[in-house]
Amino acid sequence: MVKTGTPVTIWGGIFGPFGNGFRILKPGYRGSDVYELQKRMKRLGYYPLYIDGIYGDGMKRYVIKFRKDRGLRITHNIDYEFYKTLGIELIE
C-alpha cells in the first residue's frame, strides 16, 4: 500500500502483461504489454530508446525495422505475427 499521490508503475496482473491475451497494439497505446515488448526488442538490439510502456513515434521506427529484418508484413501495428516472431506465445 502506498500513500495517496505516490507515483506507481503497474506491471501487469497476476498472469503478467499478457494475462488477458494479446491486443493489437497501435501507435499511441500504453501499457504493461507495450513495456514488455520494448524490453524484448531492446534485448534483441531493436529498441535503443528508454523503456516506458508507451508506443510512441520512436518505437514505430523500430517496429518497422524489426518487421523488415524478419520478413514480416510492413505495418506499425503489433499483431500476433509480431508477438510470435519476438518469441511471445500464450500458453493455457
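Leaving aside its neighbours within four places in sequence, with which residues is K26 in contact? Here contact means heavy atoms within 4.5 Å. With those sequence neighbours set aside, the partners of K26 are Y55 and N77.

Before I continue, a word on the basis of these values. This is a predicted model, in which local features need pLDDT of at least 70 and side-chain atom pairs count only at pLDDT 80 or more, while totals for chains, interfaces and linings use all residues. Residues are numbered from 1 along each chain as its sequence is written, and side-chain values use heavy atoms, with hydrogens and water left out.

Let me turn to the overall layout. The protein chain contains three helices and zero strands, and its pattern along the sequence reads α-α-α. Helices (H or I, at least four residues) and strands (E, at least two) are DSSP runs, numbered from the N terminus. Of the 92 residues in the protein chain, 33% are buried. The term buried means under 20% relative accessible area, exposed means over 50%, and partly exposed lies in between, with a 1.4 Å probe and protein chains only. Among contacts between residues at least 6 apart in sequence, 34% join residues at least 24 apart.

I now come to the helix pair. How do α1 and α2 cross? The axes of α1, residues 32–43, and α2, residues 57–70, come within 12 Å and cross at roughly 55°. The pair is therefore oblique. Axes are lines fitted to C-alpha atoms, for helices over the stretch in contact, and angles run from 0 to 180 degrees between N-to-C directions. Angles under 35 degrees count as roughly parallel, over 145 as roughly antiparallel, 65 to 115 as roughly perpendicular, and the rest as oblique.

At this contact, V34, L37, Q38 and M41 of α1 meet M59, Y62 and V63 of α2. Sorted by class, the contact has six nonpolar residues, one polar residue and no charged residues. In this scheme Ala, Val, Leu, Ile, Met, Phe, Trp, Tyr, Cys and Pro are nonpolar, Asp, Glu, Lys and Arg are charged, and the others, Gly among them, are polar.

Next, the core. In soluble globular proteins, nonpolar side chains tend to be buried together. In this model the largest nonpolar core has 19 residues, and L37, M41, M59, I78 and F82 have the most contacts inside it. Such a core is a set of buried Ala, Val, Leu, Ile, Met, Phe, Trp, Tyr and Cys residues joined through side-chain atoms within 4.5 Å. Not counting residues up to four places away in sequence, M59 touches V34, L37, Q38, M41, Y47, L49, I54 and I78.

Also in α2 is R67. Is R67 buried or exposed? R67 is buried, because its relative accessible area is 0%. Beyond its neighbours within four places in sequence, its contacts include L72, R73, N77, D79, E81 and F82.

Finally, I consider the segment before α1, where R23, L25, K26 and Y29 are found. L25 is buried, with a relative accessible area of 0%. The C-alpha atoms of L25 and H76 are 8.5 Å apart, although 51 residues separate the two along the chain. Setting aside neighbours within four places, L25 is in contact with residues including V34, L37, Y55, H76 and I78.

K26, by comparison, is partly exposed, with a relative accessible area of 37%. Its C-alpha atom is separated by 9.1 Å from that of G56, 30 residues apart along the chain.

R23 counts as partly exposed at 33% relative accessibility. R23 and I78 are 55 residues apart in sequence and 8.3 Å apart in space, C-alpha to C-alpha. Outside four places in sequence, R23 touches Y29, R30, G31, D33, V34, I78 and Y83.

Y29 is likewise partly exposed, with a relative accessible area of 30%. Between Y29 and G53 there are 8.4 Å, C-alpha to C-alpha, the two being 24 residues apart in sequence. Residues up to four places away not counted, Y29 touches R23, I24, V34, G53, I54 and Y55.

Thank you for your attention.
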